[in-house]
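Please open the structure in your viewer and keep the selection tool at hand, because each stop on this tour asks you to pick out a few residues and look at what surrounds them.

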Amino acid sequence: MGNHNSFNLNHKEQLHSARINSLNKDPTLGMLPMEKLGKLLIQKSLEEDSINGIGCGVFKRYLFPQYPEMARKLFAFLVTSSGGPASSHVISYSNFKTQTERLLSVLADDRQVLMYVTMYADGKEEIDQDQFRDLLIAVYKLAMDHYPEGPQSCRYIFKTVQAVVDSAFHKKLTLKVGYLTNWILQHCPRLIVLLHRYIVHILSTGYRSVIEKCPYSKPNENEPNDLELTTPVLEQENLFKTEKNPLLPLSQVWILSTTLPALYTQPILHSKPTPNCFNTQNFLSKF
């Protein structure tokens, strides 16, 4: 009996020591992701930039090093949404936590699109062609950078993007943010999904890169990753292109994937196709 009690006491002491060591290694242990991220960014801002609060520089360096302009716009949006000036390079912990948790909450499609159009309009009621072009390029770059076989590019991207801009603006120099939001929902309903999914993923898991004291990078291939950013229709080999005679430029396939229903890019096979036998499902699976 005495030996049993002694074992329990030793075991409890070991567990307590292990928890103390864990807290020393990670003082944010037990916090929610946004709380962790906020505290760590404050620490880095003070150490690296001598800033009280969360600095835009640290926000960009640790979370979005590959997309600094998108990070700048997102940071400015968080600042203005909390009542601060768009020119501010610092946001308080409480405002950062409130705004990021709001961004991570479940948003209806129309609110989601409105949020990002407003972000790229720099918080104004109107958006110009260059700002919409920047939004399109940002989403395109995300899709191409996260292609399973490595980053992709298309020499027709600027023509493709300009065609979308021309279609939306009808030769006007600016549009109301609300009008462009409705236009996107009607003509490119899946455009913003990719951008929102990526930002939510980074904000939810970015504290890990700050703890490791290195800018955010792609997850380890051996680690589970539920983030799917690629354009589904591009995941099939030799699709819409051959070495000598491409049928459709990559950028046009991308914009089509934001426009067409998922049925056209993610066909569901209800039964296993018979080998060497033509049927509708087998044919659609190639696309």
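In what follows, a contact means heavy atoms within 4.5 Å. Bear in mind that this is a predicted model.

Begin by selecting helix H7 together with helix H12 (residues 250-257), whose axes come within 11 Å and cross at roughly 105°. An angle from 65 to 115 degrees counts as roughly perpendicular, so H7 is roughly perpendicular to H12. Now show the side chains where the two helices meet: Leu136, Val139, Tyr140, Ala143 and Met144 on H7, and Leu250, Ser251 and Trp254 on H12. By class, this contact has 7 nonpolar residues, 1 polar and no charged.

Stay with H7, which spans residues 129-145, and select Gln129, which is found in this helix. Is Gln129 buried or exposed? With a relative accessibility of 18%, Gln129 counts as buried, because the cut-off for that class is under 20%. If you set aside residues up to four places away in sequence, Gln129 touches Gln162, Val165, Phe169, Lys171, Lys172 and Leu173.

Next, select Phe132 and display its surroundings; leaving aside neighbours within four places in sequence, Phe132 is in contact with Ile127, Val164, Val165, Ala168, Phe169, Leu180, Trp183 and Ile184. At least three residues of the core come from each of domain 1 (31-105) and domain 2 (107-199 + 248-263).

On the H6 side, select Gln112, Val113, Met115, Tyr116 and Tyr120, which meet Ile192, Val193, Leu195, His196 and Ile199 in H10. The residues of this contact divide into 8 nonpolar, 2 polar and no charged.

Finish at Thr80, which lies in helix H4 (residues 68-81). Thr80 counts as partly exposed, at 33% relative accessibility. Leaving aside neighbours within four places in sequence, Thr80 is in contact with Pro85 and Ala86. Draw a distance between the C-alpha atoms of Thr80 and Met119, which are 39 residues apart along the chain, and the separation is 9.7 Å.

Notes
Residues are numbered from 1 along each chain as its sequence is written. This is a predicted model: local features need pLDDT of at least 70, side-chain atom pairs count only at pLDDT 80 or more; totals for chains, interfaces and linings use all residues. Side-chain values use heavy atoms; hydrogens and water are left out. Helices (H or I, at least four residues) and strands (E, at least two) are DSSP runs, numbered from the N terminus. Ala, Val, Leu, Ile, Met, Phe, Trp, Tyr, Cys and Pro count as nonpolar, Asp, Glu, Lys and Arg as charged, and the others, Gly among them, as polar. Buried means under 20% relative accessible area, exposed over 50%, partly exposed in between (1.4 Å probe, protein chains only). Domain bounds come from an automatic or database domain assignment. Axes are lines fitted to C-alpha atoms, for helices over the stretch in contact, and angles run from 0 to 180 degrees between N-to-C directions. Angles under 35 degrees count as roughly parallel, over 145 as roughly antiparallel, 65 to 115 as roughly perpendicular and the rest as oblique.
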